[in-house]
Amino acid sequence: MKILFQGDSVTDAGRDRANFHDMGEGYPKYASAMIRDSYPKCDFEFVNLGISGNRTKDLVARLESDFIEIRPDIVSIMIGVNDVWHHYDFIREETTDDEFERNMRTVLDAIKTRTSAKILMLQPLLLDVEDKRHMREELVRKQAIFKRLADEYAIAYVPTDELLRAETDEAPTYYAADGVHPTADGACYIAERYLAAISPVIESLIADGE
């Protein structure tokens with residue numbers, strides 16, 4: 001069973017890009033280990049093609065090589081924070097809400113119509129850190145688009161941002177030092193929710209294989 005992790009730096013997490021089986025140091029590392037432990041009799045191939053700095057338009061640009069040609073059984077996508085962040089940082093390039101939806105729909109349509117992959121979507125996150133609060137309003141709009149598309153295309157959805165923001169026992173930086181990039185604890189937390197979301201999908205595929 002081939003599981004593809006796709007997204008930006010949160011997924012990339014310092015992976016060795018010369019080896020797409022390298023999971024990096026983020027949630028794919030922990031999620032893949034948890035999946036193997038949970039299904040020891042199943043043969044998995046994990047592929048991480050997250051690229052730091054990517055926006056939704058970048059997923060469209062590498063749709064053929066990094067989605068379709070991989071032919072995954074399950075593809076998970078976590079993207080969107082850079083579509084907002086790059087509007088406010090030195091790049092100063094806006095991704096409008098319409099562009100965001102069009103890019104995402106292009107990717108999701110292609111996966112749906114040109115592969116047999118099941119789609120899992122993880123909500124882009126931005127925790128409550130002071131220097132990024134000005135980005136929150138725009139991200140919330142894009143999160144709403146993301147969730148609406150997840151309802152339409154995905155078999156599973158992880159409300160990453162909502163879950164982490166609800167963890168009030170610890171400061172936001174405990175889970176993501178800069179509000180965006182998870183710490184090891186944040187990555188483990190996401191991986192646990194990832195496992196819970198993907199397990200029914202894996203079990204369904206195993207049953208179909210039998």
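In this predicted model, 51% of the 210 residues of the chain count as buried. The chain exposes about 9500 Å². Carbon and sulfur atoms supply 47% of that area. Contacts between residues at least 6 apart in sequence were also examined. Of these, 78% join residues at least 24 apart.

The secondary structure comprises ten helices and five strands. The radius of gyration is 16 Å, close to the 17 Å that the globule rule gives for 210 residues, so the chain is as compact as a globular protein of that length. Along the principal axes, the C-alpha atoms fill a box of roughly 50 × 35 × 35 Å.

The five strands form an open sheet. Their order is β2-β1-β3-β4-β5, and the pairing is parallel. Strands β2 (45-48) and β5 (156-158) are the edge strands. Each of them pairs on one side only. From one strand to the next, the twist averages 15 degrees. Strands of a sheet pair through backbone hydrogen bonds, either parallel or antiparallel.

In the order of the sheet, β3 stands between β1 and β4. Strand β1 (residues 2-7) pairs with β3 (residues 74-78) in the parallel sense, over five bridges. Within this pairing, I3 has I74 of β3 as its bridge partner. G7 stands opposite M78 in β3. Strands β3 and β4 also run parallel and are joined by four bridges. Here V75 has I119 of β4 as its bridge partner.

Burial was then considered for β3. Five of the five residues of β3 are buried, so this strand is largely enclosed by the rest of the structure. In a regular strand the side chains alternate between the two faces of the sheet. Both faces of β3 are covered. On one side, I74, S76 and M78 are buried.

Helix α7 (residues 136-153) lies across β3, β4 (118-122) and β5. Its direction runs at about 160 degrees to β4. Helix α10 (residues 184-209) packs on the sheet and touches β1, β3, β4 and β5. The direction of α10 makes about 165 degrees with that of β4.

Notes: Residues are numbered from 1 along each chain as its sequence is written. This is a predicted model: local features need pLDDT of at least 70, side-chain atom pairs count only at pLDDT 80 or more; totals for chains, interfaces and linings use all residues. Side-chain values use heavy atoms; hydrogens and water are left out. Two strands pair if DSSP finds at least two bridges between them. Helices (H or I, at least four residues) and strands (E, at least two) are DSSP runs, numbered from the N terminus. Axes are lines fitted to C-alpha atoms, for helices over the stretch in contact, and angles run from 0 to 180 degrees between N-to-C directions. Contact means heavy atoms within 4.5 Å. The radius of gyration is taken over C-alpha atoms; the globule rule is 2.2 Å times the number of residues to the power 0.38. Buried means under 20% relative accessible area, exposed over 50%, partly exposed in between (1.4 Å probe, protein chains only). Accessible areas come from the Shrake-Rupley method with a 1.4 Å probe; for residues, only the protein chains shown count as cover.
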